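Here are my notes for a first look. Please keep the structure open beside them and follow the points in order.

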Amino acid sequence: MNPKLFKQNNGYEIDGLWYPRVTSICNIIAKPGLEMWLANQPSFIAMQRKRKKITEWGILIHETIEKILLKKNPEIKPNIRPSIQAFLDWLSVNKIKPLSIEKMVFSKQNIYAGTFDILAELNNKLGILDLKTSKEIWDDHFIQTAAYFNAYNEKNKKKAKTHWILRIDQYQRCKVCGAKKRDKLGEINVKGGKRFCRHIWNSSKGECELQKVKNHKSFLDTFLAAKQLWEFSNRHLLSQIDNYPNKTKTHLTLFNI
Ligand SMILES: [Zn+2]
């Protein structure tokens, strides 16, 4: 890959310096679930189409929820209604005051940058809230929010106290075998249940799950370790990025061994 493209795809320019992106760094972390999913796809084209739909789904949910939080009264597409209803139900029993949405933060100390979804006071506690549309909450979600949280607190006097993942999902359950079917913009995924069941699907049901980080420090340490691994893996490209603050270090790693 050429350094220019690498730079564009994997980082932000801030005050003349280049900072790698949190999500790019986190891509170095192995995801066994994802590998299994990839292995089960019928073709590369089909996999790409599915990934595109899943990404579009995520964007649609994010945009709608962020608009609701900003009291912008968004149009709610029928296909995402169960998810949004689950979110609204959640909202009715939680007190949330959004303070900023889709904001870029960066760490000068540890040299990385990223964009979090929401900074909010949730039930009177200031924190970073990231939305996920996956079927579970994974460790790497908190590795990511730990990085945002740390960057935010590095710069701001009024410190965030915690970070959360709010997972919003919807599925149909089979009345016979209990399998779960997810339909993301026409991409169908069936999980669990019995293989030879002639599924009879219930109507779509939304679900909303909030999890608070437990042991922030271990997630942050893991992020920084991932960053080191990412930096080492990309050292040939990074050493060609003139305004990368860690360039000298990377250069030394590369030539002084
Ligand atoms: Zn079934």
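1. Start with the pairing of two strands. This is a predicted model. Strand β6 (residues 162-173) and strand β9 (residues 205-212) run antiparallel, joined by 8 bridges.

2. Now turn to another partner of β6. Strand β5 (residues 125-132) runs parallel to β6, and 6 bridges join the two.

3. Arg173 stands opposite Lys180 of β7. The two strands form a hairpin, and 6 residues separate them. In the turn, Gly178 has a positive phi of about 85°.

4. Is β6 mostly covered or mostly open? Mostly covered: of its 12 residues, 11 are buried.

5. Next, the metal. Which protein atoms are the donors of the zinc ion? They are SG of Cys174, SG of Cys177, SG of Cys197 and ND1 of His199. Their distances from the zinc ion are 2.1 to 2.3 Å. Along the chain, the donors follow the spacing C-x2-C-x19-C-x1-H.

6. Buried means under 20% relative accessible area. Cys177 has 18%, so it counts as buried. Cys197 has 17% relative accessibility and is therefore buried as well.

7. The geometry of the zinc site deserves a check. The angles among the 4 donor atoms run from 101 to 114°, and the site is tetrahedral. For comparison, the ideal angle for four tetrahedral donors is 109.5 degrees.

8. Last, the helices. Helix α6 (residues 139-155) packs against helix α7 (residues 216-233) at an angle of about 90°. Their axes are 8 Å apart. The two helices are therefore roughly perpendicular to each other. On the α6 side, the contact is made by Asp139, Phe142, Ile143, Ala146, Ala147, Phe149 and Asn150. On the α7 side, the residues are His216, Phe219, Leu220, Thr222 and Phe223.

Note on methods
Residues numbered from 1 in each chain as written. Predicted model: local features only at pLDDT ≥ 70, side-chain atom pairs only at ≥ 80, totals over all residues. Heavy atoms only, no water. Buried < 20%, exposed > 50% of the residue type's maximum accessible area, 1.4 Å probe, protein only. Helix = DSSP H or I, 4+ residues; strand = E, 2+ residues; numbered from the N terminus. Pairing = 2+ DSSP bridges. Donors = N, O, S within 2.8 Å, 3.2 Å for Na, K, Ca; no water. Tetrahedral: all angles 85-135°; square planar, octahedral: opposite > 155°, others 65-115°. Axes fitted to C-alpha atoms, helices over the stretch in contact; angles between N-to-C directions. Parallel < 35°, antiparallel > 145°, perpendicular 65-115°, else oblique. Contact = heavy atoms within 4.5 Å.
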